[in-house]
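The report below takes up pockets, surface and charged contacts in turn. It is meant to be read beside the coordinates.

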Amino acid sequence: MGNMKTWNVARIKASKGVCKLPCLTAYDYACARLADAAGIPLLLVGDSVGMTLLGYSSTLPVTMDQMVHHTAAVARGATEALVVADMPFLSYQISVAEGLRNAGRFLQEAGADAVKIEGGALRVELVKALTQNGIPVLGHIGLTPQSVNVLGGYKVQGKTREAGEQLVSEARALDAAGAFAIVLECVPPDIGAAVTAAVAVPVISVGAGPDCDGQMLVMHDLLGLTEHTPKFAKPYAALAETMRAAFRAYAADVQNGTFPGPEHCYAPSEAAKL
Ligand code: KIV
């Protein structure tokens, strides 16, 4: 039968130079359904779930089981978008065999279409093993949050000429190894443009400027649900304020007896007529 979704890996690849890709993270069924119906081509079940939904201060504590759980929910809601599962810290770094086994869980148990891994040339062997065994790979270079302790914080990458050239070479290595697209996070826009021009596959920007082939936002940043929006993100709604107002209004209605009203009550029971 093949993949009957509108957005598959081949179509994402073919979009380079043809149309821009507006990608989003998603972590649950309800939001995935809405984003899917809005025509978002790629939904990443990011390990950012650790911060957005689970309250951790980094992505490092996120486990395979948590990622499988959230990926399955997103996959149930996405009938047209490509669903990419983010491989969490230590699920692919130990060995290629372990990476392959864990990546396979996302397709087999959770219904993902592809996986994302952090790292460039270092991951070539793994990217080859995954793609040759039927698991499409989205690469991720630039700021790689699973390496926050080595990078010394969530800092802009590729700021020197050498660092920019290094990113171009990391992207070329992923492209040659078979990645179907590459996420490029937190780099100056000229580096975003240079990396995009250097590879045949789409480069998806997370704070890498307008010249990339697509953009990716964390859904909670787009919806205005995060406390601190990063510089590169644009909130398209102010849901935190809307939710706060709704919670307050509900509490007040219960306290003053306005809710529930007669319209929220079932017809009286037989006993009430006695
Ligand atoms: O976990 C995540 O949400 C990500 C994206 C920001 C690329 O890795």
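Which residues lie nearest the centre of the largest pocket, and how many residues line that pocket? In this predicted model, the lining of the largest pocket consists of 38 residues, and those nearest its centre are Ser48, Met51, Thr52, Val218 and Asp221. The elements that contribute two or more residues to this lining are α3 (49-52), β6 (181-185), β8 (214-217), α10 (219-222) and α11 (239-256), and among these α11 gives the most, with four residues. The volume of the largest pocket is about 940 Å³, and its lining divides by class into 21 nonpolar, nine polar and eight charged residues.

The second largest pocket holds about 440 Å³ of space and has a lining of 23 residues, with Gly207, Gln215, Leu217, Phe232 and Ala233 lying nearest its centre. At least two lining residues come from each of β1 (21-25) and β8. The classes in this lining are 17 nonpolar, four polar and two charged residues.

**Surface and loops**

On the surface, Leu53, Leu54 and Tyr56 make up a nonpolar patch whose accessible area together is about 220 Å². Tyrosine 56 is placed in the loop between α3 and α4 (64-77), and this residue counts as partly exposed because its relative accessible area is 31%, a value that falls between the limits of 20% and 50%.

Two further loop residues can be described in the same terms. Alanine 112, in the loop between α5 (96-108) and β4 (114-116), has a relative accessibility of 7% and is therefore buried; the C-alpha atoms of alanine 112 and alanine 85 are 6.2 Å apart in space, while the two residues are 27 apart in sequence. Threonine 226, in the loop between α10 and α11, is partly exposed at 27% relative accessibility, and its C-alpha lies 7.7 Å from that of alanine 240, a residue 14 positions apart from it in sequence.

**Salt bridges**

The count of salt bridges comes to seven.

| Aspartate 113 | Lysine 5 | 2.7 Å |

In the salt bridge between aspartate 113 and lysine 5, the aspartate sits in the loop between α5 and β4 and the lysine in the segment before α1 (9-14), so that the pair ties together parts 108 residues apart in sequence. Aspartate 113 is buried, with 16% relative accessibility, and lysine 5 is likewise buried, at 14%.

Aspartate 86 and lysine 116 are both buried.

Glutamate 165 is partly exposed, with a relative accessibility of 44%, whereas arginine 161 is exposed, with a value of 64%.

Finally, Asp65, Arg105 and Glu109 are joined in a network of salt bridges.

Definitions and conventions: Residues numbered from 1 in each chain as written. Predicted model: local features only at pLDDT ≥ 70, side-chain atom pairs only at ≥ 80, totals over all residues. Heavy atoms only, no water. 1 Å grid on protein atoms, 1.4 Å probe; cavity = no way out; pocket = protein on both sides within 12 Å on 5 of 7 lines; lining within 4 Å. Points joined across faces, edges and corners; volume = space filled by probe spheres on them. Nonpolar A, V, L, I, M, F, W, Y, C, P; charged D, E, K, R; others polar. Patch = residues over 30% accessible without salt bridge, like charges linked within 9 Å, V, L, I, M, F, W, Y side chains within 5 Å. Areas by Shrake-Rupley, 256 points an atom, 1.4 Å probe, with all protein chains shown as cover. Salt bridge = Lys/Arg side-chain N within 4 Å of Asp/Glu carboxyl O. Buried < 20%, exposed > 50% of the residue type's maximum accessible area, 1.4 Å probe, protein only.
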